[in-house]
Amino acid sequence: MAEGVCVITEFRDGAFRRVSFEIASEGRRLADELGGPLLAIALGDGVTEVAPDLGGYGVEKVYVVDDPLLKDYRAETYVPIAAEMLESIEPKVVLSAGSVDGKDLSARLAARLEAGLATDCTELKIEGGALAAKRPMYAGKALAWCSWSEGAWPQMATCRPNVMDCLPPDTAKKAEIEKTNVALPGSNLTLVVKTEKEVGGKLDLTEAETIVSGGRGMKGPENFAMLEELATLLGGTVGASRSAVDSGWRPHADQVGQTGKVVTPTLYIAVGISGAIQHLAGMSSSKYIVAVNKDPEAPIFSKTDYGVVDDLFRFLPVFIEEVKTLKSTC
Amino acid sequence: MDVIVLLKQVPDTETKIKIDADGKSIDTSDIKWIVNPYDEYAVEAALRLQESDGAMVTILSMGPERAVEAIRTALAMGADKGVLVDDPATEGSDALGKAKVLAAALRSMDFDLVFCGHRAVDDDENQVGIMVAELTGIPHLGMAVSIEVADGKARIERPLEGAKVTLEATMPALVTFGGAHAVWNPRYASLPGIMKAKKKPLEQKTLADLGVSPDEVGAQAAKMQVTSMGLPKERQAGRVLEGDTDEKAKELTRLLHEEAKVI
Ligand SMILES: Cc1cc2nc3c(=O)[nH]c(=O)nc-3n(C[C@H](O)[C@H](O)[C@H](O)COP(=O)(O)OP(=O)(O)OC[C@H]3O[C@@H](n4cnc5c(N)ncnc54)[C@H](O)[C@@H]3O)c2cc1C
Ligand SMILES: Nc1ncnc2c1ncn2[C@@H]1O[C@H](COP(=O)(O)O)[C@@H](O)[C@H]1O
């Protein structure tokens with residue numbers, strides 16, 4: 001009988017991505033409620049070395065396949081291995097990352113296993129011995145609770161990065177490792193032609209703790225230097241409204257909103273953004289929201305914790321100095 | 001070359017969502033419907049291949065009768081023909097159910113490429129296209145922000161957290177389109193386009209036409225369902241800071257540091 005929880009980790013460039021620890025922490029909590037083990041699947045090139053560390057987040061056993069062919073995520077290699085592992089370990093609940101690759105992997109797995117998959121979940125709980133998942137719809141304009149049909153196996157969910165609480169790791173605890181060698185398909189694979197790192201190691205918006213976004217009020221691309229400076233001071237990254245992206249001031253990957261990234265940072269600072277419904281949909285779940293806008297009637301102010309009605313070109317330089325002073329004293 | 005675009009009709013992004021009396025879905029009584037924006041990018045990408053390579057572009061949608069309008073919009077943009085799978089038995093399908101219907105429809109058609117949106121901005125599931133690739137047994141190139149097709153291969157660029165990746169797969173392949181409006185700048189339907197669209201072939205199909213048993217789809221086959229739906233807690237409009245610029249800057253810094261403890 002299926003029991004326990006299995007998390008599918010995401011390993012890249014020699015390390016687990018943070019979301020793996022978030023889902024492991026969440027998985028631990030669910031496994032305790034369900035009363036079964038917490039297991040993990042770790043696939044990658046060189047993943048064996050770090051796999052035991054998952055124990056720090058409560059994982060009991062990790063099923064590892066370590067192979068150079070698994071350096072990059074590819075459905076043709078990852079999906080058959082993960083599907084086979086899930087069929088043999090039979091967990092009741094499967095959690096994976098709501099990341100670019102995690103979404104591909106989990107949707108393919110769900111189709112292969114004939115499973116139900118709740119994507120981008122923001123809250124999970126156990127109800128009557130089964131998983132229940134909360135997920136935003138309409139870019140967060142509505143929230144739905146989902147449940148799995150009687151007998152549906154496994155109950156699969158992906159978690160949005162940055163949402164689930166990550167336990168502080170207990171570095172003394174190590175997970176048991178079970179290494180498997182599998183014959184990987186070697187031909188006709190999707191070809192990873194090249195991978196170019198973002199310059200300056202820019203954090204992805206979906207994973208940033210602090211986002212400073214600019215809109216049409218920024219007047220031009222050159223003025224985003226102020227936002228870059230502020231974001232760097234705060235250890236965050238820069239986002240943008242669609243108007244700023246449409247104007248060619250910012251790259252498309254910076255767009256926040258219903259047709260851009262849906263973000264959940266701890267702090268979101270909107271500068272020169274009016275707060276159109278499509279923009280609000282993408283950032284309303286941020287923990288704290290600040291807006292700087294010269295128009296006191298701008299709709300963004302209905303969502304802010306702290307509103308600053310001022311000309312951004314006057315306010316930002318002064319605010320940046322204040323933050324610098326604070327940072328130098330503490 | 002045959003390109004099939006999977007296209008979904010969704011509520012206008014301007015829509016203020018209201019929950020239906022059933023407590024499990026949204027009230028659709030006065031909604032304006034549009035083509036899912038990401039599917040519009042997929043249509044644009046397909047039409048560029050129509051121009052450069054003479055690709056035949058077919059729009060495939062599953063939905064109620066009103067979805068004809070969304071197909072017509074894509075035909076007016078320049079797509080060649082449309083297929084709507086409209087069957088009441090599909091109602092209540094989960095992502096897998098929808099993917100099974102679309103995959104069955106694809107089996108009855110010729111294609112080299114299947115284009116999808118990376119997500120539909122209604123349920124935001126981000127899985128139907130990927131599942132169709134799995135059920136069809138073809139590669140999936142996800143979240144494309146560019147595409148090139150040559151020598152039986154499709155090559156895309158996609159963002160990956162903190163990086164940009166170039167992927168290539170042999171055709172037939174399924175591509176989901178990401179990026180933003182600014183990347184694809186989908187064309188508008190011109191007036192002559194709208195006139196021509198009225199005469200373009202638009203076929204309607206049922207599950208029986210596709211050889212899909214009604215037991216495989218719909219609410220009773222769904223592995224997962226929505227049990228309740230609500231609106232997010234309204235954020236309370238917080239404080240608007242008082243004073244001159246210096247005072248506001250000082251106060252904001254203090255609040256973020258001492259009250260919110262986020263800097
Ligand atoms: C299908 C569809 C999808 C969309 N998806 C998205 C999306 O994902 N994300 C998104 O953001 N938008 C999206 N939009 C666009 C959205 O409707 C708005 O047009 C857009 O968000 C407005 O951007 P903005 O706030 O930067 O510009 P504006 O609405 O023009 O606001 C600029 C603001 O700057 C303020 N300002 C100007 N000068 C100053 C100054 N000197 N100091 C201080 N403040 C100043 C003004 O008071 C104003 O409030 C979408 C639209 C459609 C139709
Ligand atoms: N009912 C549908 N008809 C046609 N295509 C669909 C349908 N539902 C989803 N799709 C396609 O799958 C993509 C992802 O949808 P979703 O998984 O619902 O976010 C969409 O952008 C469409 O290309």
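Guide: A salt bridge is a side-chain nitrogen of Lys or Arg within 4 Å of a carboxyl oxygen of Asp or Glu. This is a predicted model, in which local features need pLDDT of at least 70 and side-chain atom pairs count only at pLDDT 80 or more, while totals for chains, interfaces and linings use all residues. Residues are numbered from 1 along each chain as its sequence is written, chains are lettered from A in the order in which they are written, and side-chain values use heavy atoms, with hydrogens and water left out.

Visitor: How many salt bridges are there between chain B and chain A?

Guide: The count is nine. In one salt bridge, R12(A) is joined to E161(B), with 3.1 Å between the closest N and O atoms.

Visitor: How is the size of an interface expressed?

Guide: It is often given as the accessible area lost when the parts come together. Buried area is that loss, taken with a 1.4 Å probe and summed over both parts. Here chains B and A bury about 7,400 Å² between them, with 56% of it on carbon and sulfur atoms. On the chain B side, E134(B), E161(B) and R235(B) lose the most area to chain A, together 11% of what that side buries.

Visitor: How many residues are in contact?

Guide: Contact means heavy atoms within 4.5 Å. By that criterion, 84 residues of chain B meet 92 residues of chain A.

Visitor: Which strands of the two chains pair?

Guide: Strands are DSSP runs (E, at least two residues), numbered from the N terminus, and two of them pair if DSSP finds at least two bridges between them. Strand β18 (residues 306-309) of chain A and strand β14 (residues 239-240) of chain B pair in the parallel sense over two bridges. Within β14(B), R239(B) is the bridge partner of Y306(A).

Note on methods
Buried area = accessible area lost by both parts, 1.4 Å probe. Helix = DSSP H or I, 4+ residues; strand = E, 2+ residues; numbered from the N terminus.
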